[in-house]
Amino acid sequence: MNLDRVFTNNKQWIKDKLATDAKYFENLGEGQSPELLFIGCSDSRVTAEELMGLGPGDVFVHRNIANMVSGTDLNAMSVVEYAVVHLKVKHVVVCGHYACGGVKAAMQSADLGILNPWLRNIRDVYRIHKTELNAISDEEKKYERLVELNVQEQCVNLIKTAAVQKAARERGLKVHGWVFDVHTGELIDLKIDFENILESIREIYHLD
């Protein structure tokens, strides 16, 4: 990639925005009030705003390998806290994608160095759901199902947090699990049962 092209594209983008709205950047500089926190994968094929048809200011975004939500990841937890408590988003989405390299790597037994502790979180998802996954003979289907189950478990991890629980009680915050199909461009709602999961974990993870 010729990096000069990036700056040329930027200048053209500015012109295009100002051509349709002379105050576009003036308004952009006044602050943000997104209603959605999007937690997605760092994969270069998955662009949060574009796949949802949204633009700057519409969505608060956090991305990492395999769209993980770990309670020990201060980066992710800080993003959740800021988006939920301070920006007061109404929806939090965990969005995985088929053909995810992180999930694929977690299915292998290879030693991947510094990636090992990160991928262990996905391997934990496999362990939790191994009965269902081991019953799938088609490796590609198993791979896709692990992508979906990983999204589900990251939604559960979100629901375990105090910020999300409090916002759910006080103002109806919702958590959603989606998958982006890189082969078709389709965004799929996994229809995570937020209320049922919250109720089922309340005994152990309830935080006042």
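Reply: Let's start at alanine 66, which counts as buried because its relative accessibility is 0%. Keep in mind as we go that this is a predicted model. Alanine 66 sits in the loop between E2 and H4. Its backbone deserves a look too: alanine 66 has a positive phi of about 70 degrees, although it is not a glycine. Why is that worth a second glance? Most residues other than glycine have a negative phi.

Alanine 99 is another residue to look at for this feature, with a positive phi of about 65 degrees, and it is not a glycine either. You will find alanine 99 in the loop between E3 and helix H5 (101-106). With a relative accessible area of 22%, alanine 99 is partly exposed, whereas alanine 66 is buried.

Now go back to the loop where we began. Aspartate 73 also lies between strand E2 (59-64) and helix H4 (74-86). Is this charged residue buried or exposed? Aspartate 73 is buried, yet it has no salt bridge. The nearest side chain of opposite charge belongs to arginine 63, and it is 13 Å away. A salt bridge needs a side-chain nitrogen of Lys or Arg within 4 Å of a carboxyl oxygen of Asp or Glu. What does lie close to the side chain of aspartate 73? One of its polar atoms is 3.1 Å from the backbone nitrogen of asparagine 75. If you leave aside neighbours within four places in sequence, aspartate 73 is in contact with Asn64 and Trp118.

Next, let's see where charges do pair up. Side chains of opposite charge can pair when their charged atoms come close. The structure holds 6 salt bridges. One of them joins lysine 90 to glutamate 35, with the closest N and O atoms 3.7 Å apart. Lysine 90 is in the loop between H4 and strand E3 (91-97), while glutamate 35 is in the loop between helix H2 (24-28) and strand E1 (36-41), so the pair ties together parts that are 55 residues apart in sequence. Lysine 90 is partly exposed, at 44% relative accessibility, and glutamate 35 is partly exposed with a relative accessible area of 44%.

Aspartate 43 and arginine 45 form a salt bridge as well, at 2.7 Å from N to O. Here aspartate 43 is buried, at 15% relative accessibility, but arginine 45 is partly exposed, at 45%.

A further salt bridge connects glutamate 132 and arginine 145, whose closest N and O atoms are 2.5 Å apart. Glutamate 132 belongs to helix H7 (residues 130-134) and arginine 145 to helix H8, so the pair, 13 residues apart, links distant parts of the chain. Glutamate 132 is partly exposed at 33% relative accessibility, and arginine 145 is partly exposed at 26%. Salt bridges that share partners join Glu132, Arg145 and Glu148 into one network.

Helix H8 (residues 139-159) has another partner to meet. It packs with helix H6 (residues 115-128) at an angle of about 105 degrees, the two axes being 9 Å apart. That makes H6 roughly perpendicular to H8. On the H6 side, the residues involved are Ile122, Val125, Tyr126 and Ile128. They meet Lys142, Leu146, Leu149, Asn150, Glu153 and Gln154 in H8.

Further along is helix H9 (residues 162-171), whose buried residues are Ala163, Val164, Gln165, Ala167 and Ala168. Those buried residues pack against H4, H8, strand E4 (174-180) and helix H10 (194-205). After H9 comes glycine 172, with a positive phi near 75 degrees.

In helix H10 you will find isoleucine 201, which is buried at 11% relative accessibility. Beyond its neighbours within four places in sequence, isoleucine 201 is in contact with Ile159, Lys160 and His206. The C-alpha atoms of isoleucine 201 and glycine 185 are separated by 34 Å, although these residues are 16 residues apart along the chain.

Finally, step back to the whole chain. It has 10 helices and 5 strands, and its C-alpha trace spans about 55 × 45 × 30 Å along the principal axes. Among contacts with a separation of 6 or more, 64% are between residues 24 or more positions apart.

Definitions and conventions. Residues numbered from 1 in each chain as written. Predicted model: local features only at pLDDT ≥ 70, side-chain atom pairs only at ≥ 80, totals over all residues. Heavy atoms only, no water. Helix = DSSP H or I, 4+ residues; strand = E, 2+ residues; numbered from the N terminus. Buried < 20%, exposed > 50% of the residue type's maximum accessible area, 1.4 Å probe, protein only. Lys, Arg positive; Asp, Glu negative; His and termini not counted. Polar contact = N/O pair within 3.5 Å; in protein donor to acceptor, adjacent residues only side chain to side chain. Contact = heavy atoms within 4.5 Å. Axes fitted to C-alpha atoms, helices over the stretch in contact; angles between N-to-C directions. Parallel < 35°, antiparallel > 145°, perpendicular 65-115°, else oblique.
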